[in-house]
Amino acid sequence: MRIRIKHTTSYHYEQSARYGVQELRLTPAEIASQHIIDWKIDCPGIEGAASYFDSFGNRVHLVNQEFDADELVIRVSGTIETRSADGVVGTLPHEPVPRLFLRQTDLTRPDKAITALARQHEGRHRDQIALYHALMESIRERMNFDTRSTDSSTRATEALAQGHGVCQDFAHIFISACRLLEQPARYVTGYLVMQEGEAEAEAHHAWVEADVAGLGWVGFDPVNGISPDIHYVRLGCGFDAASAAPIRGVRRGAGGDRLTVRVAVHSDTQQ
Amino acid sequence: MLGRTASSLYWMSRYMERAENMARLLDVGYRMSLTPGLDSGHREQWESTLQAAALSDTFFAAHENAMMPQVRNFMLFEESNPSSVRNCLLAARSNARAVRTAITTEMWESINGTWLEFSQVKPSSVTADELPRLLDWIKRNTAQFRGAMLNTILRDDGYSFLQLGVFNERADNTARILDVKYYVLLPRSELVGSDVDMQQWMMILRAASAHRSYRHVYRDRYKAWNIADFLILRREMPRSLAHCYAWINSTMEDLETFYGVRLECHDLAKKAHLQLRNGNMDVIFQQGLHEFLADFMQQNNTLGASIAENYNFF
Amino acid sequence: MYNKRSDKIFDEMFMQDGTVREPYRTIESWLLEQPRGGLKQKSKDAEAIFRRLGITFAVYGSNETTERLIPFDIIPRIIAAAEWRRLERGIEQRVRALNAFLHDIYHRQEIIRAGRVPEELILKNSAFCPEMMGHDPARGIYSHIIGVDLVRVSENEFYVLEDNLRTPSGVSYMIEDREAMMRLMPELFAKYRVAPVEHYPENLRRTLQSVAPPACKGDPVIAVLTPGIFNSAFFEHSFLADEMGVELCQGDDLFVDDGFVYMRTTRQPKRVDVIYRRVDDDYLDPLTFRKDSTLGVPGLFSAYRAGNVTIVNAPGTGIADDKAVYTYVPQIIEFYTGEKPILNNVPTYNCTNPDERAYVLENLQDLVVKEVHGSGGYGMLVGPASTRKDRAEFTRRIKARPNNYIVQPTLALSTCPTFVEKGIAPRHVDLRPFVLMGDQIRITPGGLTRVALKDGSLVVNSSQGGGTKDTWILED
């Protein structure tokens, strides 16, 4: 499936910022399930950006602006050809050892409830894939999708206790439980085409990848209970939502800011 | 040179100058309080001292009356007063530590020694009798610092920033002292020409260490016109505005040569310098001395901000 | 004139039978020649020199941060050339192995796969820095400046107490102590051939230049990054910058533009290629590490990963001097060098092992307990000097968090003659030689000898009443 993406992030500052610097993890990798036809990041400072692979294997651009402005707009656009790969991502170049992803973070550290959730699956499944699917199902039973009850700093434990959350919360609970069971798991950001044809909605998405012996990384989307298919475009990964964040920035200047994100994903079915 | 280094050099010498000015002002206030015939305005003397030090608002935010022990303690030691001698010496020394390698050992020893010794002084030990001795000590030490600076430091851009700090501060101080006398004390017109008036003028000169040199220059009794002329336009008077700006202007020219760039602050300095060089006392009085001084202090502040901006002090 | 502590303790001046050890012969006769009060005067002169120069360190905890002088002892500690050569070989072996370990840990982790170091110890260790995974620092070097803490217990036995691979401090004292000694006792330098230490800053500069990043063309620009004047080691930061002739910067002085790091100068920004930072990992870059840090430079770590600047020492070197990893250093040396360690580790008990823990709790009065993440002598129990109450407290703590402590036997640290109130007396010492690793390994002959000035005390930390001595390595 050919997917066209337009992703615009705007920061509106209460007071003008004089200097800003951002790390952008906004470049998808070429993998079995996706072929990049064209891809472009457009924002102030992108011409001189330093580019490197971070410790997770993501392509990062470091951009900065020296300006006097009350807004910063980062636009990403591109076209991706997706193919079915049953969620298998395998091993990317520049990747660290998978067992690095056994490290819990502040957002994923488990409590008794997550421990109980994880332990009920311990030794109960014939292989890892079965385990991950069963784990997804348990999380879906316990969690309702709800965009109003959590925010970007909500921990896995808090989300599970509330029983509501968004894709980030589902992913954190999954990751927390996997790591507890000594299964490496990581957080993945990307885009999802909700319907065939035109769609402008919850297209910015997050899911997880877990390590499977012999296959490498395999994707699981605990919100939808499936492995990513041709409707998914993978952007980057990390320990959790914070470390995989597509945009992370610091600016000099007083006052707060307001963030708006618009994502438009179009699929052309041209089979 | 780092912008921060330039900033620290500028503020180090500016704070040393301010410490000295605080000591001078306190000395004048102290003498006034001892002078018979000024009792009509006893409390006002201290108020005017605070005003001359630009400290009135800060002082009265915490104190009801301006009496000698409170004012003395406030100007010398109070931590909540950013311009107390203690805070000036501490700030000077912190700046010096931050740029320890950009100044000479002699400068460091002078500034470090001054702080170490001053920090040992107990406020309660500074009685009225002890005050003059402490004030003399402060003046001596700040003079020693300046001597160490002039004798040892390399004449590069760092030297220029040090000089700018001194003269920016001094010009502000002189203008303020003069303004306080003229604007705050003068309106009581029945006193013009009286003994009290003369005493006040003499104190102003004393605060600028200029009561003797005045005689050499004018060979006349104290007159408002002469004193204003002396403190504003006389280049040979080392605390006059004209003198400060002659230094500032030539220092700015040094910086222009050193970096090969002329910036906004150069034009500001030159403008103020020429105004003073070509100034005429009659014209200044006609336009109003207070207006002139207020305008000058504004310009002097703007110059400080412009130097900081142009040379990346942040 | 001088009574040794006891026969159990090795004294570096006197042997068991009371004869003077070879390196100390000359100084012994010199000490005997000194007029009454002569040493006292020299000691006072030394203090005056240090105070004038402003060599102080900040002490925290009291109401106000105060600056103090570290006491300086005027009797040098002397080590013979042959003794030093062995130490040098051992240190070099150790730092090479630890650097190889860091490279491996931040790449393929072969040592974990080989089962020589437990995976959990590394991957779940807070000193492990995942952000460093896959990064290739210039010349493959992680820890460029290392201070190895050594203690001596007999004629031929040295132990490594700690490998400091993060931002070891104290080198300015090594240099200033020598400077003071040369002023105070020039006649002794005429009698001994003492290896010089004054070239350390020059060697440091060469080391830093040699690890310029790939993007640097031409002469590398170096800067020292300090947390500022309130840092306890600010004097040293300023001293080293001055001696190397480079800028001393704070975080605010640096900024990132187009992926490169620049200094804010009075005019045009100046690009920086190598940053000798004395700011901890956590505070280096709010974009990557602690968000609330104001000491660092936003974007610095990205510039580093992009190969546009070198950070010295690299972030994440703490995993190699972690106290829990310390116990594995002998295996680490064998794994990467194929050799037996030349310098001994202090035998260490692992409290997570029930048998070892039982032994530890039974014998606390003879042992030293250290917190895994403590430093500077804080959070430490020295058994022989402890009270019953202290031991009860540590028993409770060890039981609660056994993996938070390592336990070692109390070592009989050697003593050296030291000038104290009552005259010359033996005091316990350790030694921190400084190692530079760049285009080559450079070990400055000598180092910082720290001396516990309190009679019988084994704690040499300056924050707890320790002083320093000049350390003389004799040339053949």
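This is a predicted model: local features need pLDDT of at least 70, side-chain atom pairs count only at pLDDT 80 or more; totals for chains, interfaces and linings use all residues.
H9(B) covers residues 195–207, and its axis comes within 9 Å of the axis of H1(B), with a crossing at roughly 150°. Angles over 145 degrees count as roughly antiparallel, and H1(B) and H9(B) are therefore roughly antiparallel to each other. The crossing is right-handed.

Keep H1(B) (residues 3–34) on screen and bring up helix H5(B), residues 85–98; here the axes are 8 Å apart and the packing angle is about 160°. That angle makes H1(B) roughly antiparallel to H5(B). Which hand does the crossing of H1(B) and H5(B) have? This one is left-handed.

For the side chains, select these two groups:

- From H1(B): Ser8(B), Trp11(B), Met12(B), Tyr15(B), Met16(B), Arg18(B), Ala19(B), Met22(B) and Ala23(B).
- From H5(B): Val85(B), Cys88(B), Leu89(B), Ala91(B), Ala92(B), Asn95(B), Ala96(B) and Ala98(B).

Colour them by class and you get 14 nonpolar, two polar and one charged.

**Zoom out to the domains of chain B**

Next, colour residues 1–152 of chain B as domain 1 and 155–314 as domain 2. The C-alpha centres of these two domains of chain B lie 20 Å apart. How many residues of domain 1 of chain B are in contact with domain 2? The count is 28 from domain 1, facing 27 from domain 2.

On the domain 1 side, H1(B) and helix H2(B) (42–52) are the elements that give two or more residues. H1(B) gives the most, with 17 residues. By class, that domain 1 side has 14 nonpolar, nine polar and five charged residues.

**Cross over to chain C**

Now select the boundary between chains B and C, where 17 residues of chain C are in contact with 18 residues of chain B. On the chain C side, H9(C) and strand S7(C) (247–249) each supply at least two residues. That side divides into seven charged, five polar and five nonpolar residues.

The buried ones are Phe234(C), Phe235(C), Glu236(C), His237(C), Ser238(C), Phe239(C), Leu240(C), Ala241(C) and Met244(C). Step just past the end of H9(C) to Gly245(C), where phi is positive, at about 70°.

**A helix across H9(C)**

**A loop stop: Asp282(C)**

Centre the view on Asp282(C), in the loop between strand S11(C) (274–277) and H10(C). Is Asp282(C) buried or partly exposed? With 15 other C-beta atoms within 10 Å, Asp282(C) is partly exposed. Leaving out residues up to four places away in sequence, Asp282(C) touches Phe289(C), Arg290(C) and Ser293(C). For a distance check, draw a line from Asp282(C) to Gly259(C): they are 23 residues apart in sequence and 20 Å apart in space, C-alpha to C-alpha.

**Last stop: chain A**

Show all three chains. Two pairs of chains touch, and the pair with the most contacts is A and C. That contact takes 24 residues from chain C and 23 from chain A. The chain C elements that give two or more residues to it are helix H5(C) (119–123), strand S8(C) (254–257) and helix H10(C) (300–305). The chain C side divides into eleven nonpolar, six polar and seven charged residues.

What about chains A and B? No contact joins them, and their closest C-alpha atoms lie 12 Å apart.

Key. Residues are numbered from 1 along each chain as its sequence is written. Chains are lettered from A and ligands numbered from 1 in the order in which they are written. Axes are lines fitted to C-alpha atoms, for helices over the stretch in contact, and angles run from 0 to 180 degrees between N-to-C directions. Helices (H or I, at least four residues) and strands (E, at least two) are DSSP runs, numbered from the N terminus. Angles under 35 degrees count as roughly parallel, over 145 as roughly antiparallel, 65 to 115 as roughly perpendicular and the rest as oblique. A crossing is left-handed if the near helix is turned anticlockwise from the far one by less than a right angle, and right-handed if clockwise. Two residues are in contact if their C-beta atoms, placed from the backbone, lie within 7 Å. Ala, Val, Leu, Ile, Met, Phe, Trp, Tyr, Cys and Pro count as nonpolar, Asp, Glu, Lys and Arg as charged, and the others, Gly among them, as polar. Domain bounds come from an automatic or database domain assignment. A residue is buried if 20 or more other C-beta atoms lie within 10 Å of its own, exposed if 12 or fewer, and partly exposed in between; C-beta atoms are placed from the backbone.
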